[in-house]
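Dear colleague,

I am handing over the structure shown below, and after it I set out what was found in it. Please keep the model open while you read.

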Amino acid sequence: MKISIVSPVYKAENILDELVKRVVAEVSKITEDFELILVEDGSPDEVWQKIEKQSQEDLRVKGIKLSRNFGQHYAITAGLDHAKGDWIVVMDCDLQDRPEEIVTLYQKALEGYDIVLARRANRQDSFNKKMSSKLFYKAFSYLSGMEQDGTIGNFGIYANRVIEEVKKLKEPMRAFPPMIKWVGFKSTSIDVEHALRFEGKTSYNFSKLINLALDIALAYSDKPLKLTVKLGFFLSLFSIVFAAISILRYYLGNITMSGYTSLIVSIWFLSGLIIFILGIVGLYISKIFDGVKSRPLYIVSHKTF
């Protein structure tokens, strides 16, 4: 039985040694047959040199360097594509996902689950991070039509057969949690301790989170288009009612001259609505355009194995 641990690495030069030490110590309690796959996602610091050094000292530590910054979920994809374990653990590199919880996740998986997700019951984040994350998951759940628990991220343990199905999903917009949700299989979640950041701060700000929610919604759902159809229907219904009232008022003699203000407001409102709907359609077309180009999801620059 082999375990693979996949961790995307970005701006973690001062964290990496501690991450490797703790992961190796904890996973060794389960088995000596494991691999720690560290995917350097175009990090601007010197973290790749540290990954190379760790790989030389312990052959179970494997490094993958991407040619540029593709993004966290693309880095996870790169790691999964190279993972050989019977069980695969996905975790962030900032040590908020505590390596000490891997044993707990594995023990739960042995009860007959293909997926065991780590639920951060008490998140150790700033108030702004908690609020922006909460808004992100609400926007994501609403726009995508997929209910996503905001206390659950990438951290979890996954059976090899689950990851094999995830690897078949080749859409250019990558988001690991919804992909795991889509493939199904028997899953559960357990409460884990969420740690403070070992160093630095998150690279996800509110704007990036909202953009990510919109990208995921466009990639995994047609709900935004359905919302525009509903909006158009209600506006059409409103216009019919308004027209009927206007005609009735005209014949009753209450309207003697058409109003300039109502005309201008109607023009501006409907023009804005048309542009808004065209924008949504345009976003879907851009996603189709990205997909038909069939570019690779990531490019590997160097590997240590």
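Valine 116 stands opposite isoleucine 157 in strand β6, where a strand is a DSSP run of E with at least two residues and a helix a run of H or I with at least four, both numbered from the N terminus. Please bear in mind that this is a predicted model, in which local features need pLDDT of at least 70 and side-chain atom pairs count only at pLDDT 80 or more, while totals for chains, interfaces and linings use all residues. Residues are numbered from 1 along each chain as its sequence is written, and side-chain values use heavy atoms, with hydrogens and water left out.

The chain has 10 helices and eight strands, and the eight strands form an open sheet of mixed pairing in the order β7-β5-β6-β4-β1-β2-β3-β8, two strands being counted as paired if DSSP finds at least two bridges between them. At the edges stand β7 (187-192) and β8 (300-303), each with a single partner strand, so one side of each has no neighbour in the sheet. On average, and with direction ignored, neighbouring strands of this sheet are turned by 20° against each other; for angles in general, axes are lines fitted to C-alpha atoms (for helices over the stretch in contact), and the angles run from 0 to 180 degrees between N-to-C directions.

Strands of a sheet pair through backbone hydrogen bonds, either parallel or antiparallel.

What can be said of strand β2 (residues 34-40)? Seven of its seven residues are buried, so β2, too, is largely enclosed by the rest of the structure. In a regular strand the side chains alternate between the two faces of the sheet. In β2, Phe34, Leu36, Leu38 and Glu40 point one way, whereas Glu35, Ile37 and Val39 point the other way.

Strand β1 (residues 3-9) pairs with β2 in the parallel sense over seven bridges, and the bridge partner of isoleucine 3 in β2 is phenylalanine 34. β2 also pairs in the parallel sense with strand β3 (residues 61-66), over five bridges, and here glutamate 40 has lysine 65 in β3 as its bridge partner.

Two right-handed β-α-β units share β2: β1, helix α1 (residues 16-27) and β2 make one, and β2, helix α2 (residues 47-57) and β3 make another. A crossover is right-handed if, with the strands pointing away from the viewer, the path from the first strand over the helix to the second runs clockwise.

Helix α6 (residues 160-167) and helix α7 (residues 176-183) pack at an angle of about 110°, with their axes 10 Å apart. They are therefore roughly perpendicular to each other, on a scale where angles under 35 degrees count as roughly parallel, over 145 as roughly antiparallel, 65 to 115 as roughly perpendicular and the rest as oblique. Val162, Ile163, Glu165 and Val166 of α6 make the contact with Phe176, Met179, Ile180 and Val183 of α7, contact meaning heavy atoms within 4.5 Å. These residues divide into seven nonpolar, no polar and one charged, where Ala, Val, Leu, Ile, Met, Phe, Trp, Tyr, Cys and Pro count as nonpolar, Asp, Glu, Lys and Arg as charged, and the others, Gly among them, as polar.

**Two single residues and the whole chain**

Threonine 77, which lies in helix α3 (residues 72-82), is buried, with a relative accessible area of 7%. Leaving aside its neighbours within four places in sequence, threonine 77 is in contact with Arg174, Leu297 and Tyr298. Leucine 227, in helix α9 (residues 223-251), counts as partly exposed at 27% relative accessibility.

Finally, for the chain as a whole, buried residues make up 44% of the 305 residues.

With best wishes

Terms used
Buried means under 20% relative accessible area, exposed over 50%, partly exposed in between (1.4 Å probe, protein chains only).
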